[in-house]
Amino acid sequence: MNSIESQLAVRNKCDQLQKSIKELYDWEEQIKQKNSTMVRPADNSESKALPPVRSDVEAMNKFSEDIASAEKQDHGKGETADKKMFANAEVLKERGNKQCKLGNYQEAIELYTQAIETYGNNAAYYSNRALCYMNLEQYDECLADCRIAIEKDPKYIKAYYRRMQAYERLGENEQAIAECRQILQLSQDENELSAAKRDLARIEKRLADNKPQPSPSKAKTKSAEVDSMMALVKQEADKYKELGNKHIARKDFDKAERSYTKAITLYGQDAVYYTNRSLCYWNLKDYDKCLADCNKAIQLDETYFRPYYRRMQVRELRGAYQSAVEDCRKFLELTTDEKQKATAEKDLLRLEKLVKTDQPAKQAFVWSEVKKNAKLIKFIQKPPHLRSKTPLKRIPIQEVGKASLSAIDSKVLPTPPSARKNIPDALIDKMFNNNTGERLIEPEEKTNLEHLFPANSTKLRNMFSPPTTPTEQKKPFPLANKATPIVKSPVSHEAAKPVKNLEPTMQRKVQNNNINQVNQETNENVPKKATTTMASTALTIPKSSAQFYTTWSGLDENLRYQYLKKLSKTSLNKLLGASLSNEMLSELLHILHKRFIPDELDVVAHVLKEIVRNETIEILSLMMNKSDRDAVSDLLKHMASSNIKKEDVELLRRKLIS
């Protein structure tokens, strides 16, 4: 151990000793604090005022007076706290009453709940919340709040009345009758007593209707009583109807519908209630219920004209024009108002036109109008042990071969770009009556005029025969900085010599004809390989993808490989760009595979790397056919056996094959 290590060890031990000493001091301070807290109660207990000796009467009286005054102060403080809580709860109750009157029952329930949490000894808070629960048809919560309100205040009449209404709506008539009788015993208010008597009569009548009918003699004696009770029930239902009319005047159709429903539950034999509720359903876009209420109103009273017009509107909306015409005619028979008749006559003319023109009926349900009645269907989440064990059916992907392609209609498959022929510009100019200077070379018709000339008249035959001008061959690329090798052909001296014994114009024509013939022979004798090498030297590096694709489409297989070879040191990915398609990829792989040269593996590797860098290569690789995949696999095998990096080969294999 050297000196530096020994110094470090000593320093670490010193730090440990300092920490342990500090912990000991801290522990000592904690012990002292605990001892001081344990001693303090003894000191304080000595300072407390002890009760005086019982023999000292004056001291005992003073001690009792002090205790009584302290209790009064505590009680006063408690009363002031209760008053504050009660005042806050009353504010919340008033806010809940306002929301209840506006029909916002859920917000009113929240406010009443806050009032109960603030001060829970008031039975009115529970009774008011029970009213909101009843309007929301939550009868179990309503009964629970009524029970708590009665426990808080056994003489609170409104709680009994709310519970009676909840029992009646639940169909428990006997319990509702018991609640009515309890109200009659406890209440001293005349209004409450009269309302309880009416409710009791209505419920007893309903209960009597559900029981088996008595004998005819007993029925005659009770007919007058039944009529009086029915009049009372009808009077109560009319109140709900008037309330619904007020809601309709304010265009609050939801509340109006609830009011008419209450009237129908009390007395369901009046067609007006159903007709008014059908108007609410019509404005709420609930056409099924609107049609049902119209049918019920017509069933109760066939002479009431209003439901016919409402049913006509529903049937017209659903395309039942003939039925709508019948309802409109029935409405015209029953109504006596002139304005209503004029409106109905216009509707009748419109409907008759629709029937005569045989206009196709509208859809039975207008989906934009049925959104209100639509229900959200949730997805079923089955546990694993309840799910189906049958595997999904796998569909194999088969490649389309030549045999299957022949069976497919040729109109469905588009012609590949390589198989399309270029249309000459001159033909397009001729179609659109345009002139760009290019001439369309049309085949000349051969005329046989030998029968017009004698057998030995060669001069006349040469004079009138057409010149043999060769067709101009289109060169793929202009030759740059190289002279065209001229291949000499045997030319007769007669062609080179001027023709004598003819006029000057005829001599010039014959000489031009001979020169054209010599040029044609010279062009035909140029070898094809020389032209391809000369064209390959003229290939230039493109500056854009459009220039690349334009040049590529005009080359054959040999020149395409030379073109790729020339682009081996450029960024081919930028030239391919977003226009790279599966057809172009197939052409590139075909050229590389067919023109494969072992000495030029670097060219193949560069081209494939640039292809793989394209953003759409993952999708294009899925669209390759069997020949393309075979070409890629052959190229990768040769690359793997040569000096190409294994990482590059694996990258190409992963992108193109796997």
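**Exercise 1. Work out which residues of helix 12 and helix 13 meet, and describe the packing.**

Step 1. Find the contacts, taking heavy atoms within 4.5 Å. In this predicted model, helix 12 contributes Tyr287, Cys290, Leu291, Cys294, Asn295, Ala297 and Ile298. Their partners in helix 13 are Pro307, Tyr308, Arg310, Arg311, Val314 and Leu317.

Step 2. Sort the contact residues by type. Ten are nonpolar, one is polar and two are charged.

Step 3. Helix 12 spans residues 287-300 and helix 13 spans residues 306-317. They pack at an angle of about 145 degrees, and their axes are 9 Å apart.

Step 4. Assign the hand. Helix 12 and helix 13 make a left-handed crossing.

**Exercise 2. Characterise the second largest pocket and say where it lies.**

Step 1. Take the volume. The second largest pocket has about 1,400 Å³.

Step 2. Look at the lining, which has 38 residues. Closest to the centre are Asn135, Gln165, Arg169, Tyr240 and Lys262.

Step 3. Trace the elements. Those giving two or more residues include helix 2 (57-102), helix 4 (123-135) and helix 9 (216-249). Helix 6 gives the largest share, eight residues.

Step 4. Sort the lining by type. It holds 17 charged, 14 nonpolar and seven polar residues.

Step 5. Domain 1 (82-186) and domain 2 (229-359) both supply lining residues, so the second largest pocket lies between them.

Note on methods: Residues numbered from 1 in each chain as written. Predicted model: local features only at pLDDT ≥ 70, side-chain atom pairs only at ≥ 80, totals over all residues. Heavy atoms only, no water. 1 Å grid on protein atoms, 1.4 Å probe; cavity = no way out; pocket = protein on both sides within 12 Å on 5 of 7 lines; lining within 4 Å. Points joined across faces, edges and corners; volume = space filled by probe spheres on them. Helix = DSSP H or I, 4+ residues; strand = E, 2+ residues; numbered from the N terminus. Nonpolar A, V, L, I, M, F, W, Y, C, P; charged D, E, K, R; others polar. Domains from an automatic or database assignment. Axes fitted to C-alpha atoms, helices over the stretch in contact; angles between N-to-C directions. Left-handed = near helix turned anticlockwise from the far one by under 90°.
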